[in-house]
Amino acid sequence: MSTADAPLPAPLRAEILVLAAQELHPRGAAVAALRLVQARFGWVSTGHLCEVADLLGMSADDLDGVATYFNLLFRRPVGRHVIMLCDSVSCWIMGCEPLCDHLCRTLGIQPGETTADNAITVLPTVCIGHCDHAPAMLVDTTLHGDVDTVCLDHLIDTLRDTP
Amino acid sequence: MTLLSDRPLTAMIDPAAGPPDCAAYGRAGGWQAARRALGGLAPADIIDMVTRSKLRGRGGAGFSTGQKWSFVPKDPASERRKYLIANADEMEPGTFKDRLLLEGNPLQLVEGMILAAYGVQAGHGIVFLRGEYHLACTRLHHAIGEARQQGWLGENILGSGFSFDIHVHSSAGRYICGEETALLTALEGRRATPRSKPPFPQTGGLWGAPSVVNNVETLCNLPHIIANGPEWFAGLGLGEDGGTKIYGASGRVTKPGAWELPIGTPLRQIIEEHAGGMLPGYRLRALLPGGASTAFLDATSLDVAMDYGSVEKAGSRLGTGMAIILDDRTCPIGMIRNLEHFFAQESCGWCTPCRDGLPWVERLLTAIEDGTGQAEDMDHLARHARMLGAPGRTFCAHAPGAMAPLASGLKLFAADFTDHIRHGRCPLPAAHGGMNTRQGAPS
């Protein structure tokens, strides 16, 4: 997403200031502001992080400490779609490891990487609370359960065709 | 509520129909408790009723809810900033009970929060929601908006003089945020490291103000306690604890899921009756009764009553009440390695024993599972279990939680550890190599 190099759009800056004003102290809006930026650009670039830090009255390093702390805040670009495959205990028992191998082999990438066409990033994730339908995964914001190789292959085809 | 249900928490939950809206919630008996509380009960009455109901925290620690509230300074909400926070950061592996409540009936949580806030006189409500719960987030925002529109949230609710509103904080994924002081630190826009206590959150919590952090399931019980009375609620439990509990089971059982049952229901009934027993071709080897941070129980413990005291007597903890089942074709060392990988990754890194000890434990287990473990590795594992385990020499309960399955596993699966090391390989090479075999026995 090349626009990650450009400054934050004025309406987004305004939205962040509103969030900050709702908090007792502006830094209380740190995670919400970073999530807003990520929702717009897919990830949080260093330029954007510095702008947000400035808006919240924090140092960039301070805010980066927060940004890098959380699993769901991305400080590197990701693909158009993110597949988060659960690797916690219930999904492990139900076979998430061979599924992850299959997914990565099919896409030709390792966990944590993005396909060359920038369509899909694969990230292992901790328990997503769908253990009665393990193995489970989150595809962008949608929860999938009882995942098998057939459903993964179908999903990959669909995601590649979806902007 | 109107009809006294013995499954009050889930009575209104119908996954096919979606969550009830404000009117449907009211028709099914909702808002009775809030009307009753704001229409004439004193805040102290609420605390007293909840104490008498024998409700204990459903997040895992099991502290008496009424007692937890009793430490909050009694100033009226209008005179002192106080917070009531719903802990919806459900990240304990194997646990999905709060998601069901959040998605199935978010207004029940809203009403529970109104009651708790009125009891402790907190004017500010926050739902600390884990970032991965997208559907819950949408439904919660909708429910709060609707409740606000109908006058259940905001200034001077029902003309009572009590004002309270709820803000949803969508977190961004870290297990330790479920620890209440780490949660407060996260809300303050900092790396979510736990805080030392005292001060306890009830006196010095969010931004230094008195704060109560209660689990979602805990809060969802409140409308039923206030509407139907503490004695009725206490009577729902089979043993010493009051109410119902959402229990669950995952792993190779026939019908994995979650069920609201009287607290104190025997483990055997949950697994054999509700979860339908093991899948054909599998036998139950052991289980974690309440999430990843609870100690293993073996098949001889199935008759334990799933309440706080009984599970502790059996050598584990009730935890979240969501059991993870280990079958006889899955390697216990592989399972413990997976658990320790989770704990190592989710350590906040604040204190050295946890930050460095957990990855060490994970590496030792990986070596043993891969067949390169040495006999003395067992001493290192035992030493870690002792040094990081409860009561612990670490800053918070994360490492002791991580050591619960390890310490119990070292005892319960001693022969498996020895076999791995002696033969230089996992004797169950295909145990976790199979594809999803929910539909039947592996070939």
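How many cavities of 30 Å³ or more does the structure hold? The structure holds three, a cavity being a set of points on a 1 Å grid over the protein atoms alone where a 1.4 Å probe fits but cannot get out. The model is a predicted one, in which local features need pLDDT of at least 70 and side-chain atom pairs count only at pLDDT 80 or more, while totals for chains, interfaces and linings use all residues. Residues are numbered from 1 along each chain as its sequence is written, chains are lettered from A and ligands numbered from 1 in the order in which they are written, and side-chain values use heavy atoms, with hydrogens and water left out.

The largest cavity contains about 80 Å³ of space, a volume being the space filled by probe spheres set on grid points that are joined across faces, edges and corners.

A pocket, by contrast, is an open set of points with protein on both sides within 12 Å along at least five of seven lines. The second largest pocket has a volume of about 590 Å³. Of its 22 lining residues, Gln38(A), Ala39(A), Phe74(A), Thr141(A) and His134(B) lie nearest the centre. Helix α2(A) gives the most to this lining, with five residues (helices, H or I, of at least four residues and strands, E, of at least two are DSSP runs numbered from the N terminus).

Turning to the interface, 58 residues of chain B are in contact (heavy atoms within 4.5 Å) with 44 residues of chain A. Zero salt bridges are counted between the two chains, where a salt bridge is a side-chain nitrogen of Lys or Arg within 4 Å of a carboxyl oxygen of Asp or Glu. The largest share of the side of chain B that touches chain A comes from α13(B), with nine residues.

Over all chains, the count comes to 26 salt bridges. One of them joins the side chains of Arg75(A) and Asp64(A) at 2.8 Å, N to O. Arg75(A) lies in the loop between α4 and β1 of chain A and Asp64(A) in helix α4 of chain A, so this pair ties together parts 11 residues apart in sequence.

Technical notes
On a 1 Å grid over the protein atoms alone, a cavity is a set of points where a 1.4 Å probe fits but cannot get out, and a pocket is an open set with protein on both sides within 12 Å along at least five of seven lines; lining residues have an atom within 4 Å of a point.
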